[in-house]
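Below are some short notes on the model, for discussion. Please read them with the structure open.

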Amino acid sequence: MIESSAEAEPSATERREAFAADVCEYLQRSPRQLPSRYLYDALGSALFDAICRLPWYRITRAESALLSRHARRILGPLARPVSLAELGCGSGEKLAVFASAAGEAFPTIQLVDISPAALETARSRLKAIGARSIVAHHATYADGLERIARHRPREGSLLVLFLGSNIGNFDPPAAGELLAGIRRSLRERDALLIGHDLVKPEPELLRAYDDPLQVTAAFNRNLLRRINDELGGTFDLEGFAHRAVWNAVERRVEMHLVSRRRQHVRIAAGSFELTFEPEEYIWTESSYKYQASQALEEGRAAGFTGGEQWIDAEARFALTRLSV
Ligand code: AVI
């Protein structure tokens with residue numbers, strides 16, 4: 001059975017209005033910003049999939065190898081049958097690796113993503129490996145968690161997967177709130193499986209976010225292209241340079257778009273105009289990097305009772321199962 005949760009979703013007009021309001025608000029902050037969730041329109045999601053295949057971006061490969069090698073141990077203590085739910089599933093590639101390696105039947109697999117194209121790909125991929133019941137939720141993480149709780153089977157347990165170091169795109173207070181929200185949505189004997197990219201040498205981090213093929217630069221600049229197309233913006237894409245910066249104090253890689261000259265931009269949807277000075281930048285994303293012990297500590301702070309970890313010491317990536 002394959003279904004989409006038919007909850008009331010914002011209309012295309014409401015989504016466009018919310019996008020315009022966020023763009024105008026965040027571009028007036030100091031430094032200027034744009035929320036990173038808007039990087040993922042159809043083209044942005046395709047560029048992100050390409051990033052995951054780049055030799056310099058190791059997160060996806062390291063995590064997939066851990067998922068495949070340790071699937072049975074990860075599921076070990078959970079009450080059977082186990083249902084799965086992934087927040088931010090993207091193309092569903094890693095979930096399919098995990099489900100295949102686990103070698104057991106899952107009564108339900110729930111998918112949550114803000115990209116309809118990604119949900120469709122994930123759904124077909126899981127269907128192809130024989131998943132019995134797939135429910136796709138086109139939703140944010142918060143709405144997705146509520147829907148997962150409503151659609152889960154009564155029997156057995158639930159494993160929520162939050163992979164790819166997606167947690168790294170949240171600042172520490174927001175990450176803490178998100179973890180606590182996931183914990184509240186779970187029952188006794190459920191668990192959360194979460195992936196964290198770990199701190200590593202700065203040149204390696206910068207290569208991962210400023211690759212020689214310029215795929216990450218295209219992913220970053222695509223946000224300006226999206227504003228032009230959807231909100232009637234007049235950004236000159238060549239007028240902004242992609243930059244990745246390691247902020248050692250905050251332990252995060254920041255992505256910026258740096259204005260190459262003095263330039264004016266209009267955004268018709270917000271009746272909004274702004275001027276960029278040379279070197280003025282828009283901060284489009286933060287990717288926080290963790291210590292392995294931090295993953296366990298933050299789990300405990302969010303109300304989880306304990307955890308077990310699997311670490312790729314070479315790629316510096318950790319998978320942590322947090323128990324309820
Ligand atoms: C989705 N997220 C965890 C990626 C990251 O590493 O922060 C997004 C990304 N940005 C640039 N490259 C990849």
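Which element gives the largest share of the lining of the second largest pocket?

1. The model is predicted. In it, helix 8 provides the largest share of that lining, with five residues.

2. The second largest pocket itself has a volume of about 150 Å³. It is lined by 16 residues, and those closest to its centre are Trp 56, Arg 58, Lys 200, Glu 204 and Ala 208. Two elements, helix 3 (59-75) and helix 8 (202-209), each give two or more residues to the lining. By class, the lining of this pocket has ten nonpolar and six charged residues, with no polar ones.

3. The geometry of Tyr 57 and Tyr 209 is edge-to-face, at 5.9 Å centre to centre and 75 degrees between the planes. The whole structure has eleven aromatic pairs.

4. Helix 6 (residues 141-151) packs on helix 7 (residues 172-185) at an angle of about 10 degrees, and their axes are 10 Å apart. Because angles under 35 degrees count as roughly parallel, helix 6 is roughly parallel to helix 7.

5. In this contact, Tyr 141, Leu 145 and Ala 149 of helix 6 meet Leu 178, Gly 181, Ile 182 and Ser 185 of helix 7. By class, five of the contact residues are nonpolar, two are polar and none is charged.

Notes:
Residues numbered from 1 in each chain as written. Predicted model: local features only at pLDDT ≥ 70, side-chain atom pairs only at ≥ 80, totals over all residues. Heavy atoms only, no water. Axes fitted to C-alpha atoms, helices over the stretch in contact; angles between N-to-C directions. Helix = DSSP H or I, 4+ residues; strand = E, 2+ residues; numbered from the N terminus. Parallel < 35°, antiparallel > 145°, perpendicular 65-115°, else oblique. Contact = heavy atoms within 4.5 Å. Nonpolar A, V, L, I, M, F, W, Y, C, P; charged D, E, K, R; others polar. 1 Å grid on protein atoms, 1.4 Å probe; cavity = no way out; pocket = protein on both sides within 12 Å on 5 of 7 lines; lining within 4 Å. Points joined across faces, edges and corners; volume = space filled by probe spheres on them. Phe/Tyr/Trp six-rings, centres within 6.5 Å; stacked < 30°, edge-to-face > 60°.
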